[in-house]
Amino acid sequence: MTLLAVGVSHKTASVELRGKLAVPAERLGAELAALLADDAVSEAVMLSTCNRTEVYASAVTAPDGVRAVVERLRALPGMGPDDAEPLGRALVVKQGPGAVEHLFRVVSSLDSLVLGEAQIIGQVRRAFAAAEEAGAVGEVVRRLFRCALETGKLVRDRTAIGERSVSVSTAAVQLAERALGTLEGRGALVVGAGEMGLLALSYLAERGVGRVVVANRTFARAEDAAARVGGIPATLDELEDRLAEADIVVACAGGDEVLVTRDALARAVGKRDDDAPPLVVVDVGMPRTVEPACAEIAGAACFDLDDLDAAMADNARSRAAESVRAEALVAEQADAFLSWLQEREVAPTVKQMHGKARSVCEAEAARAAKALAALHGGAPSEEERAVLDALANAVAKKLLHGPTARLRKQAGDPDAYRYTEAARYLFGLDAYPQGFSCRSDEGRACRLAAGTACARARGGACPHNREERSCVA
């Protein structure tokens, strides 16, 4: 068994690719069921947000687990044949301790586009709940996610990384404020009344906008959201007219189709006064709410999630000291989980080592008995056979005593997994040790691309879809 984290994030994938990989909450159960139909994966949670689509899984072997997850990602409805290569370039694979630490950092908002944002804990909690409801988690992944969520809470309680809580939505408003100079008295339009839309509304009101309109697919939700800030609800049929009235648009509806098209935005800009400031449109929807071609329209300044990277540089610098404290907490909690996992793995490893030794002993004792029979012209007596069996078992026990005692002694050490992995590899319990990573934590290229060996077992499919077969287990 090995733990895996496989997927893409804002660090490696474009908005377009992340949009194609986005999985709505209502489809998570079906996707997990399809993934677990592959015998390589025994437990899994799928996390899909505006900034990442990642699968955390317990797999029988790392290469087969990666293969199963990547095949599932390629099969998502938004993906096409031409997306395999971009996915291969953006894909990040972590396993064992790397996967554990990555999840803990994600929940603690240390891997977020907006450092310190609070929404990620809720998003991870909902993804975990969906996996539990689908029957996709067992003892290991359940313990992993419960520890991760507790870590996220500890980071927020014990550090100031989340002071003046920020999010992608508030970052979008800050970006619009920089583009316009001030939001005082400006007209704002928020497209979408979900969690991100509500956050944007709250921050717009805080920044002193003069008039707020909320447009949503469901008018009742638009009414509820608008009532929170004394705004005006609208239907999507009114969208073009509402665009013409706004100075700032925060689009975060998501969905399978864009709501703000190039033609609609061009007509809306044409209705505005000649001396009106540029219409600032920030699209934080996943998939996109605004058609990319809108960026070509004169009189409109369009931004998307990729543009927030630079916008949030100041946020990251201001929280740098707190992030160091948060990283230390994450490392401590990850070590605690790995210690539990190590202790859980030692007993079956020792049992399997002795079981394999017994099998070898029985086979070798049987061969020795045949050799003696050939020498003496008759089968050994039961007493002689018992002596052979006892000798073989005694040798095996003495040889295994040291390794098993050391494994048990190291069980509480979070780094002791290396000994267990090595023992499983050297004694032939696993085909290869852990350590396979398509992209290392330092961002180095795929080992296969560098011409060095990786742990791709017996020519299994490379997650980067490379054709070379020079890399062997």
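Biologist: In which helix is Ala130 found?

Modeller: This is a predicted model, and in it Ala130 is found in helix α6, which spans residues 119–133. With a relative accessibility of 16%, Ala130 counts as buried, because the cut-off for that word is under 20%.

Biologist: How many helices and strands does the protein chain have, and what share of its residues is buried?

Modeller: The protein chain has 17 helices and ten strands, and buried residues make up 51% of its 473 residues. Of the contacts with a separation of 6 or more, 72% are between residues 24 or more positions apart.

Biologist: How should I read the nonpolar cores, and which residues have the most contacts inside the largest one?

Modeller: In soluble globular proteins, nonpolar side chains tend to be buried together. Here the largest nonpolar core has 67 residues, and Phe104 and Phe145 are those with the most contacts inside it. Helix α15, residues 320–376, gives the most to this core, with eight residues. A second, separate core of 35 residues includes Ala172, Ala200, Leu201 and Ala225. If neighbours within four places in sequence are left aside, the contacts of Phe104 include Leu144, Cys147 and Ala148, together with Val330, Ala334 and Phe337.

Biologist: Which residues of helix α10 are buried, and why can they be placed on the same side of it?

Modeller: The general idea is that an α-helix has 3.6 residues a turn, so residues three or four places apart point the same way. In α10, residues 219–228, the buried residues include Ala222, Ala225 and Ala226. They lie on the same side of α10 because they cover an arc of only 100 degrees around the axis. Asp224, Ala227 and Arg228, on the other side of α10, are exposed. The cover over the buried residues of α10 includes α9, β6 and β7, and the helix is followed by Gly230, whose phi is positive, near 65 degrees.

Biologist: Where does Ser109 lie, and what is its phi?

Modeller: Most residues other than glycine have a negative phi, and most peptide bonds are trans. Ser109 has a positive phi, near 65 degrees, and lies in the loop between α5 and α6, where its relative accessibility of 0% makes it count as buried. As for the peptide bonds, a cis bond joins Met286 and Pro287, with omega at about 0 degrees, and Pro287 is found in the loop between β9 and β10.

Biologist: What are the accessibilities of Glu16 and Arg288, and how far apart are their closest N and O atoms?

Modeller: Glu16 and Arg288 form a salt bridge in which the closest N and O atoms are 2.4 Å apart. Glu16 is in helix α1 and Arg288 is in the loop between β9 and β10, so that the pair links parts of the chain 272 residues apart. Glu16 counts as partly exposed at 37% relative accessibility, and Arg288 as buried at 14%.

Biologist: Which residues form a nonpolar patch on the surface?

Modeller: Leu391, Val395 and Leu399 form such a patch, with about 300 Å² of accessible area together. Leu391 is found in helix α16, residues 382–409, and is exposed, with a relative accessible area of 53%.

Terms used:
Residues are numbered from 1 along each chain as its sequence is written. This is a predicted model: local features need pLDDT of at least 70, side-chain atom pairs count only at pLDDT 80 or more; totals for chains, interfaces and linings use all residues. Side-chain values use heavy atoms; hydrogens and water are left out. Patches are made of residues with over 30% relative accessible area and no salt bridge: like charges are joined within 9 Å, nonpolar side chains (Val, Leu, Ile, Met, Phe, Trp, Tyr) within 5 Å. Accessible areas come from the Shrake-Rupley method with a 1.4 Å probe; for residues, only the protein chains shown count as cover. A salt bridge is a side-chain nitrogen of Lys or Arg within 4 Å of a carboxyl oxygen of Asp or Glu. Helices (H or I, at least four residues) and strands (E, at least two) are DSSP runs, numbered from the N terminus. Buried means under 20% relative accessible area, exposed over 50%, partly exposed in between (1.4 Å probe, protein chains only). The arc is that of the directions from the helix axis to the C-beta atoms. Contact means heavy atoms within 4.5 Å. A nonpolar core is a set of buried Ala, Val, Leu, Ile, Met, Phe, Trp, Tyr and Cys residues joined through side-chain atoms within 4.5 Å.
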